Structure formats: structure tokens, C-alpha cells
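Reader: Could we go through this model together, starting with its sheet and then turning to one residue?

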Amino acid sequence: MAETREFKPLKELGDISLGDRSTLKFYVDEFKGYKYGSIRTFVAGEAYSGPTKSGVTMNARILNEAIAALEKLPPQSDAREDRELARWPKKMGVELVARITIFKDTVGVDLREWVDEAEYKGWSKKGVRIPYKDLPKALDFLRQMRSLITTA
């Protein structure tokens, strides 16, 4: 019988509802002894409930820079078109990009990986979209992440 793997991060910080069946979860986890912050979309459905592939992970450096970039945004968005805010290298050929995006007449902050490799160049599925109205809540979770990741 196959063992089911339960989702158990080091520390769950909170979530933002994206609708009836999906939620953005903010948490801290560890891989090979390194702590990282993560934002991932989770779904609750009849066939499957749990994490999806849509998500991003950030080490302490990227998390600090992302918080600094997002803190500069005004409380109310005046965006009329998509606009890139910042790029941070994650590894060779992969960057995390923060953008203001407009989708179905709603404004959000997109954190998504940009891939530039021989086989593929473009946006990856690894990313999340935070509704602009929830940006203050997201920033609070990101600051909590930072304090947990940078402490020894």
C-alpha cells in the first residue's frame, strides 16, 4: 500500500482565499538544511485536495529584496497595464520576476519564474498571483517569513 505524504511545513504563517476552492498559503520550510519561504496555491476539490505545482520559493536574499520592492507599491493600484517591478536571479537560467498584472479586470502582483535555457525561454508555471487588495496581508506574511528564515 502506498504511503500518503502529508503536507507538513516547518511553520504555516497564513493564507489568502482566492475563491471557492483555492487558497494561497504562506509558509516556511526546509530543504537540505536550508530554510526558505514559500507561497503556494492549494485547492480543495472532490478528486484532489492539497498543494498544486503553482508556487514560488524564496531564500533570505530574494525574500528581503521582494519585500523591499513590494513595500514601495501604493495602497491602491493605479495600474492600467502590466508592469515589471523587479527581477532576482535564483539559479543559472532562472529568475524570479515581480510584476503588476491585470487579468479579467482585476489587478494583482505576480511572482513568477522566468526561464532562459537552451530548451525553453519564457514564463514557467512556477508562480503565484496575489490579489492587489490582499497585498498588505501578503507583506505581513512575507515579513514573518523573513524573521523565521534569517534567525539561526
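Author: What follows takes the sheet, a helix and then a single serine in turn.
Author: This is a predicted model, in which local features need pLDDT of at least 70 and side-chain atom pairs count only at pLDDT 80 or more, while totals for chains, interfaces and linings use all residues. Residues are numbered from 1 along each chain as its sequence is written, and side-chain values use heavy atoms, with hydrogens and water left out.

Reader: What is the strand order in the open sheet of four strands?
Author: The order is β1-β2-β3-β4, with antiparallel pairing, where strands are DSSP runs of E with at least two residues, helices are runs of H or I with at least four, both numbered from the N terminus, and two strands pair if DSSP finds at least two bridges between them.

Reader: And which are the edge strands?
Author: They are β1 (11-17) and β4 (49-58), each of which pairs on one side only. Strand β3 (residues 34-44) is joined to β4 in the antiparallel sense over seven bridges, and I39 stands opposite V56 in β4.

Reader: Which strands does helix α2 lie across?
Author: Helix α2 (residues 135-150) lies across β1, β2 (22-31), β3 and β4.

Reader: Changing topic, is S124 buried or exposed?
Author: S124 is buried, at a relative accessible area of 17%, where buried means under 20%, exposed over 50% and partly exposed in between, using a 1.4 Å probe and protein chains only.

Reader: Where does S124 lie?
Author: S124 belongs to strand β8 (residues 121-131), and its side chain reaches the backbone nitrogen of K126 at 2.8 Å.

Note on methods:
A polar contact is a pair of N or O atoms within 3.5 Å; within protein, one must be able to donate a hydrogen and the other to accept it, and residues adjacent in sequence count only if both atoms are side-chain atoms. Contact means heavy atoms within 4.5 Å. Axes are lines fitted to C-alpha atoms, for helices over the stretch in contact, and angles run from 0 to 180 degrees between N-to-C directions.
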